[in-house]
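The reader may wish to keep the structure in view throughout.

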Amino acid sequence: MPNIKSAKKRVRGNAKKEVVNNTITSSMRTAIKNFEKSVKAADKDAANNNLNIAIQRIDKARSAGLVHLNKAARLKSRKKKMKNEME
């Protein structure tokens, strides 16, 4: 446990940021899984909708600095490719 006042504040701030970061990351992963399920079920409308949601969540995680730029691009590219192969 820190003794310095600023270090104590940092611990509190980090705890709050951890909650937000975990929420953003898990929502991204959930959106990706939902998209992949709709592709597996061959539901084009749901896949299209879920793809848009997944891309939004990936971009949000990227802008928050939780996902590297190249990983975000790779994820979006693979998901778009999955949707195009479905048609």
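This is a predicted model: local features need pLDDT of at least 70, side-chain atom pairs count only at pLDDT 80 or more; totals for chains, interfaces and linings use all residues.

On the α1 side, the contact is formed by Ile32, Phe35, Glu36 and Val39, while α3 contributes Leu75, Lys79, Met82, Lys83 and Met86. By residue class, this contact of α1 with α3 comprises 6 nonpolar and 3 charged residues, with no polar ones. Helix α1 covers residues 5-40 and α3 residues 69-86; their axes lie 10 Å apart and form an angle of about 15°. Since angles under 35 degrees count as roughly parallel, α1 and α3 are therefore roughly parallel to each other.

Helix α3 also packs against α2, which spans residues 44-63, at an angle of about 175° and with the axes 10 Å apart. Angles over 145 degrees count as roughly antiparallel, and α2 and α3 are therefore roughly antiparallel to each other. From α2, the residues involved are Lys44, Ala47, Asn48, Leu51, Ile55, Ile58, Asp59 and Arg62; they meet Leu69, Ala72, Leu75, Lys76, Lys79, Lys80, Lys83 and Met86 of α3. The contact of α2 with α3 contains 8 nonpolar, 1 polar and 7 charged residues.

Attention now returns to α1. This helix has 36 residues and extends 53 Å between its first and last C-alpha, close to the 52 Å expected at 1.5 Å a residue. Its buried residues are Ile24, Thr25, Met28, Ala31, Ile32, Phe35, Ser38 and Val39, and their cover includes α2 and α3. Just after α1, Ala42 adopts a positive phi of about 60°.

Definitions and conventions: Residues are numbered from 1 along each chain as its sequence is written. Side-chain values use heavy atoms; hydrogens and water are left out. Axes are lines fitted to C-alpha atoms, for helices over the stretch in contact, and angles run from 0 to 180 degrees between N-to-C directions. Helices (H or I, at least four residues) and strands (E, at least two) are DSSP runs, numbered from the N terminus. Angles under 35 degrees count as roughly parallel, over 145 as roughly antiparallel, 65 to 115 as roughly perpendicular and the rest as oblique. Contact means heavy atoms within 4.5 Å. Ala, Val, Leu, Ile, Met, Phe, Trp, Tyr, Cys and Pro count as nonpolar, Asp, Glu, Lys and Arg as charged, and the others, Gly among them, as polar. The expected span of a helix is 1.5 Å times one less than its number of residues. Buried means under 20% relative accessible area, exposed over 50%, partly exposed in between (1.4 Å probe, protein chains only).
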